[in-house]
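Morning, everyone. Please have a look at the model on the screen.

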Amino acid sequence: MRARSRTFLASAAVALLALVGASGALACGTGGYSYAGIASSSHAYGIGATVTPLAGFNVLSGHVAGWVGVGGPRLGPNGADEWLQVGFSGFPDLAGNDLYYELALPGKSPTYHQLASNLPLGKPARIAVLEMHKRPNVWRIWVNGTAASRPIYLPGSHGRWSPIATAESWDGGTAGSCNGFLYRFHRVSIARVPGGGWQQLAGGYQISSSTTRLARSSRTGGSFLAAQGDLALRTLASFTP
């Protein structure tokens, strides 16, 4: 578990720096990271999505993940690292995916919290990070409509963050082949007020890498497929966002 926590610390930092800097591609051959996702173009009070790990996984080393979250490196008080995310994670020793959330508080090391283990591919979960009603700067993790964490105080977060929904891969520092993944993000929504006021995520900024593919729904901007790897790209044609 500690090894997985260190892994996600590195990946979350790079992903969220890509968001903060509105930067371009990060390939698995450059630092070992790759991404396919959408970042909100406006501040919000939470983000939710129905995420499904689909057939097409091939995790050779490191990890893959599909998550929603808020915050990021240097986005906390006085430039501190601060974030909260929830999603699926896949590792070389798993046939399925774990369900987890990760928390980074100012001045502390990020912590990885496993919510469920080795869930089968094709099993969706409705996941969300949401600031609580009438409790500024206090957030909770939600899974399938049920609170999955205690109230979490994130200082200085109220009204300041633009949420993100993304898939990611890290090659484990091997500088080898990219891991394969295929995640479906459905009904991605952002909270316009603390506690809810959900609205479909439309527009936003695309986060991508040279090795990934993002297929956004033509019917609704709030759904997309994120893929990497030969098997995942072949499987992609069988699904709609």
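First, the ground rules. This is a predicted model, where local features need pLDDT of at least 70, side-chain atom pairs count only at pLDDT 80 or more, and totals for chains, interfaces and linings use all residues. Residues are numbered from 1 along each chain as its sequence is written, and side-chain values use heavy atoms, with hydrogens and water left out.

Now the chain. It has two helices and 16 strands. Those are DSSP runs, numbered from the N terminus: H or I of at least four residues for helices, E of at least two for strands. Of the 241 residues, 54% are buried. Buried means under 20% relative accessible area, with a 1.4 Å probe and protein chains only. Next, contacts, meaning heavy atoms within 4.5 Å. Take those between residues at least 6 apart in sequence: 65% join residues at least 24 apart.

On to strand S7, residues 125-131. How many of its seven residues are buried? Six are, so S7 is largely enclosed by the rest of the structure.

Which strands pair with S7? Pairing takes at least two DSSP bridges between two strands. Strand S2, residues 46-53, runs antiparallel to S7, with six bridges joining them. Valine 51 has alanine 125 in S7 as its bridge partner. Strand S8, residues 138-143, also pairs with S7 in the antiparallel sense, over five bridges. Here valine 129 is bridged to isoleucine 141 in S8.

Last, the hairpin of S7 and S8. Six residues sit between the strands. Look for lysine 134 there: its phi is positive, near 60°.

Conventions
Buried means under 20% relative accessible area, exposed over 50%, partly exposed in between (1.4 Å probe, protein chains only).
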